[in-house]
Amino acid sequence: MRRPMLALVLLVALAVVGLPAGVHAQKSFKVGAIVPVSGPAAAFGLGVQRGLELAAEDVGVFAVAGEKYKLEVVTYDTVYAPDKTVAAINRAVYNDNVKYGVIIGAGVHPPILPIIRETGFLDFAFAAAGRQITNPDNPTAFRIMASSDQLYQAYAVAIAEKLGGKRIAFLGPNDELGKNDAKAIKAEVEKLKAKGVSFVGDEYYERGARDFGPALLRLIAQKPDIIDTDGSPTGSIALIAKQARELGYNGYFVNSTAVLEAKAISDIAGKAGENIIALRIWASPPTKLYTELAERHQKKYGEAAPGTLWETYGAARWLVDTIVKAGTFDTMKVADALAGSTYAAHPFGAASWGGEKAYGIKRQIIMPIPAAILKNGKWEPFDVRSGKFE
Amino acid sequence: MDVYLHLIGQGLAIGLLTGILYVLIALGLTLIYGILHIVNFAHGEIYMLGAMGVFYCYVVFKLPFAATLVVILLLSLLLGLGVERAFFRPLRGQWLQLVVASVGLSLIIQSLGWIAFGIQEKNVPSFFTGVVAFGGVRLPTQRLIAAAVGVVLVGLLYALVYRTKVGLAMRAIEEDEETARMLGIDADRVAALACAVGFALAALAGAFVAPIYSLNPGMGLEAILMSFLIIIVGGLGSITGTVLAGLLVGVLQSVGGVLLGAEAAYGLVFIVMIVVLVVRPAGLLGKA
Amino acid sequence: MKRGLLGLLIAALVLLPPLGKPYVLHVVIVILINVVYAQALYVIMRMGYLSFGHAGYIALGGYTSALLVTKLAITPWIGFLAGGVVAGIFAWALGAVTLKLRGIYFSLSVFAFAEVVNAAFRAFEVFGGPAGIAGVPRPALLGTRLNTHLQFYYVVLAVALVSLFFLYRLQWTRFGFTLLALRTRETERLAESLGINAARYKTLAFVVSCFFCGLMGAVHVHYLRFVSPFVFTFFLSNDLMIYVMVGGLGSYWGPMLGTVLLTGLGEQLFAAGYYKSLVYAVVLLVVILALPGGLISLPRILRRGGARERVLPVAADVTAARER
């Protein structure tokens with residue numbers, strides 16, 4: 001027993017002493033995946049990591065100012081915790097000399113935004129919410145998914161009108177996302193007051209909760225015909241739907257920022273999963289690239305692609321294109337060039353940057369946002385005219 | 001007013017159904033505490049393994065449900081014996097070390113679970129999809145059945161502890177370990193048995209919860225935190241106290257959630273626990 | 001010899017940083033913060049009390065300072081102290097009623113308290129709700145905001161050295177020795193028969209422990225420039241307990257050793273995902289099983305030629321666990 005112990009201690013000591021390894025391989029363009037790859041949000045993080053890896057394969061070798069480069073993906077596990085994210089960005093920026101990266105999470109962004117501002121790190125924010133991240137103070141933070149404001153402004157009203165819903169309720173996670181999105185949807189519903197649409201209640205649940213009974217009881221007592229479930233992930237919304245139907249609710253569910261899996265929902269909830277309307281879900285693939293990526297992911301990683309894959313892939317390709325055109329890795333110059341560019345080859349369709357009116361800076365991705373409705377265990381297109389977001 | 005009464009009735013029903021599941025997990029915990037004086041942090045992971053067992057045996061390998069239960073029961077008993085022998089026995093009497101060892105064990109099972117089972121949420125289809133309505137109060141059949149099984153298991157545990165020789169030995173050790181040893185009771189064996197039975201209860205709880213909820217390797221944490229609360233409120237080592245406290249916490253969460261909102265109810269449960277500790281440190285039915 | 005080594009270490013901590021990369025500074029800052037937390041927790045673990053909820057007091061300190069500084073524009077220097085004081089006051093309030101409980105009862109009461117604190121921070125808008133408080137400024141010295149890693153490193157170092165020195169000296173005072181005598185209910189009775197007011201000593205020890213957690217918690221929040229209910233969670237309380245136990249309770253240097261090694265190890269496994277917690281847990285289990293007295297007991301055991309040590313200064317007996 002004693003000898004292995006000693007070896008262990010030495011090993012641990014070595015681990016600490018050998019702190020900054022900092023090997024700088026030549027001519028590799030490092031992009032960080034500063035994302036959770038463990039913990040409850042790991043699926044989102046893996047999607048980002050793999051989206052970057054697939055992009056790296058496709059980019060191959062590219063030339064900037066006469067030198068040849070390859071895209072290298074470096075992963076930093078944030079566990080979706082603010083302090084761990086601070087540790088991750090410190091390591092990325094100050095030790096590994098990573099200047100570009102995808103960072104997941106609205107809740108983990110506040111403590112790293114000062115570091116992003118100080119170092120000019122180019123942040124592809126994979127985070128809902130809105131102005132807290134995208135504002136003129138953060139010129140190098142680009143949001144590569146639809147923001148909450150965008151989703152609610154463009155769709156909340158349109159969906160309610162299409163379904164003829166009059167009483168809208170909200171059930172979301174009790175974190176910054178849920179609280180923020182509840183405000184966003186309340187503000188939108190307020191605009192429809194004249195048409196007799198009203199907001200009847202908001203409830204919150206602990207992330208990872210499995211019993212939604214009390215919250216649903218309170219909401220259902222208000223007789224809603226649409227329950228917005230915010231960004232509730234697949235497992236949560238399936239249980240919400242199942243338990244709500246058991247309590248006698250027959251209306252619609254709307255899901256805004258999560259990416260849901262139809263099969264898992266119908267496995268868990270069965271018939272109860274019908275009539276969930278989800279944004280950001282393509283019932284039929286928008287581009288050939290979209291389908292191709294899904295298939296490549298299945299082949300390479302042996303499972304269905306996490307929902308964060310395509311947007312990450314698109315953003316990474318767009319970034320490399322911009323860098324090649326700009327001929328520099330200087331993040332400030334690249335940020336300017338990127339903001340002024342458009343990208344036709346995004347897996348979701350033609351993309352550009354907007355948000356000047358809402359956020360005061362063009363750092364919000366604008367691209368087609370699909371909607372789908374769950375019928376018989378399959379996504380079907382949900383045809384809804386989207387409003388404008390500027 | 002009528003709406004409120006109906007809500008409270010519904011909340012009460014849901015609370016009781018959830019509470020009995022809490023009771024199953026907490027009972028194993030209190031049993032192990034009574035004999036080994038250890039708060040087993042890894043208990044939630046056993047519950048998770050039970051649920052995952054149903055997924056793999058029943059859904060993936062398509063065993064009949066009865067066979068699935070037998071497999072889970074046997075494996076959990078074995079695991080209980082093994083864990084007691086490998087980790088708890090060498091550290092007996094050192095409660096700080098025991099707590100930390102069980103934390104380590106829980107972390108190991110959880111991380112191995114994530115690595116082995118993957119990050120995708122698993123699910124087991126419900127056997128019964130109907131809803132039974134008692135005058136406006138709606139109860140899902142699947143949950144009613146899980147609760148009924150819970151009641152049966154609690155009954156069996158009572159029978160084991162109060163009607164068998166082993167149970168007598170358990171109670172003797174709980175009362176006074178030294179005297180029990182002097183009287184020739186093999187305390188190590190009884191401890192191993194208590195551990196095995198405790199693990200089996202947790203795993204079976206997981207098995208019957210599997211068709212109700214969706215599963216992932218992190219699901220044990222929530223369960224274990226609630227169980228800590230319950231065994232403290234009920235009185236550590238007291239079976240009846242644990243049953244009462246489990247139902248109480250379930251109802252408190254549910255009715256509290258209906259009246260005040262889920263967030264406030266969460267805080268409320270912990271406040272109740274602190275109050276119980278201050279006013280009656282031994283818990284509702286614990287020996288003072 | 002020992003003193004010389006210590007002097008050398010402190011000199012290195014003071015003199016070397018300007019040469020270090022910001023990343024190394026970040027790691028050292030985090031280690032220093034964690035060392036103070038662990039050393040503060042050690043104060044009560046030395047008297048046989050385990051806490052599952054020290055993160056609650058760390059959060060209280062952090063939030064106090066963040067609120068004072070962002071809402072009332074009070075200088076962070078006072079915020080730090082206020083953080084410690086508020087944590088101390090809450091510790092006194094809870095300790096006065098729950099320290100008569102022993103073993104797991106006390107541990108879980110602190111855990112419940114931490115959960116209530118966390119729920120309150122989350123529920124009320126004044127505390128920033130679930131989004132927390134962003135833009136918590138760093139303190140200023142002679143008109144300069146200490147925004148760089150190097151500048152703030154010295155703030156952390158100063159607070160850490162003062163705290164650690166105080167906690168070290170505390171052990172060798174009459175007060176410190178008395179705490180050691182309160183480890184079990186029996187020894188506590190003995191102490192009381194000698195006219196020692198055990199309840200007062202225990203409460204005071206808990207207040208001291210939480211004061212330093214609150215103080216460092218405030219510094220921590222100003223380092224992050226942010227606080228939210230998701231920063232100081234049950235997992236932090238859990239980690240601290242692990243640091244102390246892996247290091248060992250037998251000596252003041254044990255918890256420190258455990259913290260430095262495990263924090264450093266965690267930093268190395270930054271991309272390992274679930275393998276990180278797996279490695280962590282395996283290290284923990286191996287150390288606890290092979291060396292119940294923690295890593296710090298290793299030299300003593302080696303010196304004794306391998307006789308396995310089972311009796312520890314603070315390894316409570318069976319009764320301690322059962323006592324309430």
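Predicted model: local features only at pLDDT ≥ 70, side-chain atom pairs only at ≥ 80, totals over all residues.
**Close-ups of two interfaces**

View 1. Residues are numbered from 1 along each chain as its sequence is written, chains are lettered from A and ligands numbered from 1 in the order in which they are written, and side-chain values use heavy atoms, with hydrogens and water left out.

**View 2. Here's how chain A is split into domains.** Domain 1 covers 26-146 + 288-366, and domain 2 covers 149-279; the bounds come from an automatic or database domain assignment. Where the two touch, 15 residues come from domain 1 of chain A and eight from domain 2 of chain A, with contact meaning heavy atoms within 4.5 Å. The C-alpha centres of these two domains sit 29 Å apart.

**View 3. Zooming in on the domain 1 side of chain A.** About 980 Å² is buried between domain 1 and domain 2 of chain A, and carbon and sulfur atoms give 58% of that. Buried area is the accessible area (1.4 Å probe) that two parts lose on being put together, summed over both. Four residue pairs across this interface are in polar contact, both residues at pLDDT 80 or more. That term means a pair of N or O atoms within 3.5 Å; within protein, one must be able to donate a hydrogen and the other to accept it, and residues adjacent in sequence count only if both atoms are side-chain atoms. On the domain 1 side, strand 13 (residues 364-366) of chain A gives the most, with three residues. Helices (H or I, at least four residues) and strands (E, at least two) are DSSP runs, numbered from the N terminus. By class, that side has nine nonpolar, five polar and one charged residues. Ala, Val, Leu, Ile, Met, Phe, Trp, Tyr, Cys and Pro count as nonpolar, Asp, Glu, Lys and Arg as charged, and the others, Gly among them, as polar.

**View 4. Chain B against chain C.** Chain B puts 46 residues into this contact and chain C puts in 50. Together they bury about 4400 Å², 78% of it on carbon and sulfur atoms. Trp95(B), Leu96(B) and Val100(B) lose the most area in chain B to chain C, together 16% of what that side buries.
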